[in-house]
Amino acid sequence: MYYIKSIVVLFVFAILLSACQQNPSTNIAPVLTSSTFKLSTEDCVKDSTCAKVSIEYPVFVGSVNPETLKSINDAIAKEAVMSFDEGTPPTPIPAAFDTMAKQLFAMLKSDGSTIPGMSYYYESKGQSVFMSPKFLSVESISAYFTGGAHGMYGTKLQTYDLHTGKVVSLTDVVKDTVALLPLLESAFVASKKEEGADSKLEDMLYTDNKHLPMTNNFCITKEGIRVNYLPYEVAAYAFGETDILITWEQLGKLADSKKWIE
């Protein structure tokens with residue numbers, strides 16, 4: 001009898017072990033590491049008048065489906081150059097970088113005689129800001145100057161599904177964006193007050209906007225959802241970029257934090 005019971009126990013254990021191996025838990029965190037890809041160049045018309053271009057972004061490797069990971073890495077790489085010129089063709093990054101650098105230097109040579117001592121530049125830096133067992137969030141910060149009164153800058157946020165490679169949209173996380181809007185507007189005003197602005201929301205936004213427009217420039221973080229409005233996007237350049245964090249506690253029933261961070 002003891003022998004039969006032992007056989008049964010071993011049989012059940014073998015079945016459970018096989019099931020675990022064939023259906024690994026989706027809650028097991030992927031083992032991802034990243035290296036940094038960098039390209040930088042500078043070309044000068046005069047000693048103090050140069051065109052400088054640099055891009056930097058993470059490249060991930062690890063225990064994620066290779067095709068999915070390639071899709072995510074390609075999207076991150078393209079973001080490094082697309083933020084400068086949305087018309088940049090989807091060529092290999094070194095070729096796109098070279099095209100971008102030549103374009104900027106051509107602008108500089110064209111304007112150099114009228115703007116002595118003024119350098120043009122484009123800089124982009126991407127990095128991971130959050131990773132869960134299912135999702136990866138990345139930010140890409142860019143800045144450039146190609147003449148005029150001032151340069152331009154901004155932060156692009158993305159969250160990628162590590163199982164599909166697709167970009168997560170804000171409505172995937174928060175179904176009721178109407179209920180989300182008051183939280184965003186309150187945080188927007190509070191952010192500007194911290195920066196020294198003393199205005200009501202309607203006084204800051206463009207006259208065509210009675211409310212803060214919804215955006216998909218967002219990502220998931222451990223603390224909540226991070227939303228970014230670029231300069232000129234909803235208000236004058238003087239109000240700058242607006243980076244907002246709405247915590248999971250503030251979201252409450254609007255979003256299931258466990259689904260996204262566990």
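The points below describe the sheets, helices and contacts of a predicted model.

1. Basis of the description. Because this is a predicted model, local features need pLDDT of at least 70 and side-chain atom pairs count only at pLDDT 80 or more, whereas totals for chains, interfaces and linings use all residues. Residues are numbered from 1 along each chain as its sequence is written, and side-chain values use heavy atoms, with hydrogens and water left out.

2. The five-stranded sheet. Five strands form an open sheet of mixed pairing, in the order β1-β2-β3-β4-β5; helices (H or I, at least four residues) and strands (E, at least two) are DSSP runs, numbered from the N terminus, and two strands pair if DSSP finds at least two bridges between them. The edges are formed by β1 and β5, each of which pairs on one side only. On average, neighbouring strands of this sheet are turned by 15° against each other, with direction ignored; axes are lines fitted to C-alpha atoms, for helices over the stretch in contact, and angles run from 0 to 180 degrees between N-to-C directions.

3. Strands β4 and β5. Strand β4 (residues 135-145) runs antiparallel to β5, and 10 bridges join the two. Among the bridge partners in β5, D161 belongs to F135, and L157 to E139. The hairpin of β4 and β5 has six residues between the strands, and within this hairpin G147 takes a positive phi near 100°. Strand β5 (residues 152-161) is mostly covered, with eight of its 10 residues buried; here buried means under 20% relative accessible area, exposed over 50% and partly exposed in between (1.4 Å probe, protein chains only).

4. The 19 residues of α3 (residues 93-111) should span 27 Å at 1.5 Å a residue, and the end C-alpha atoms are 27 Å apart, which agrees; the expected span is 1.5 Å times one less than the number of residues. The buried residues of α3 include I93, A96, F97, M100, A101, L104, F105 and L108. They cover an arc of only 165° around the axis, which puts them on the same side of α3, the arc being that of the directions from the helix axis to the C-beta atoms. On the other side of α3, K102, K109 and S110 are exposed.

5. What lies against α3. The cover of its buried residues includes β1 (32-46), β2 (49-62), α2 (66-82), β3 (120-131) and β4, where contact means heavy atoms within 4.5 Å. Helix α3 lies across β1, β2, β3 and β4, and runs at about 165° to β2.

6. The pair α2 and α3. These helices pack at an angle of about 5°, with their axes 10 Å apart. That makes α2 roughly parallel to α3, given that angles under 35 degrees count as roughly parallel, over 145 as roughly antiparallel, 65 to 115 as roughly perpendicular and the rest as oblique. The contact is made by A77, K78 and V81 of α2 together with I93, A96 and M100 of α3.

7. The three-stranded sheet. A further open sheet has three strands in the order β6-β7-β8, with antiparallel pairing, and its edge strands, β6 (218-220) and β8 (242-247), each pair on one side only. Neighbouring strands of this sheet are turned by 20° against each other on average, direction ignored. Three bridges join β6 to the antiparallel strand β7 (residues 224-229), and I220 stands opposite I225 in β7. Helix α5 (residues 177-194) lies across β7 and β8, running at about 130° to β8.
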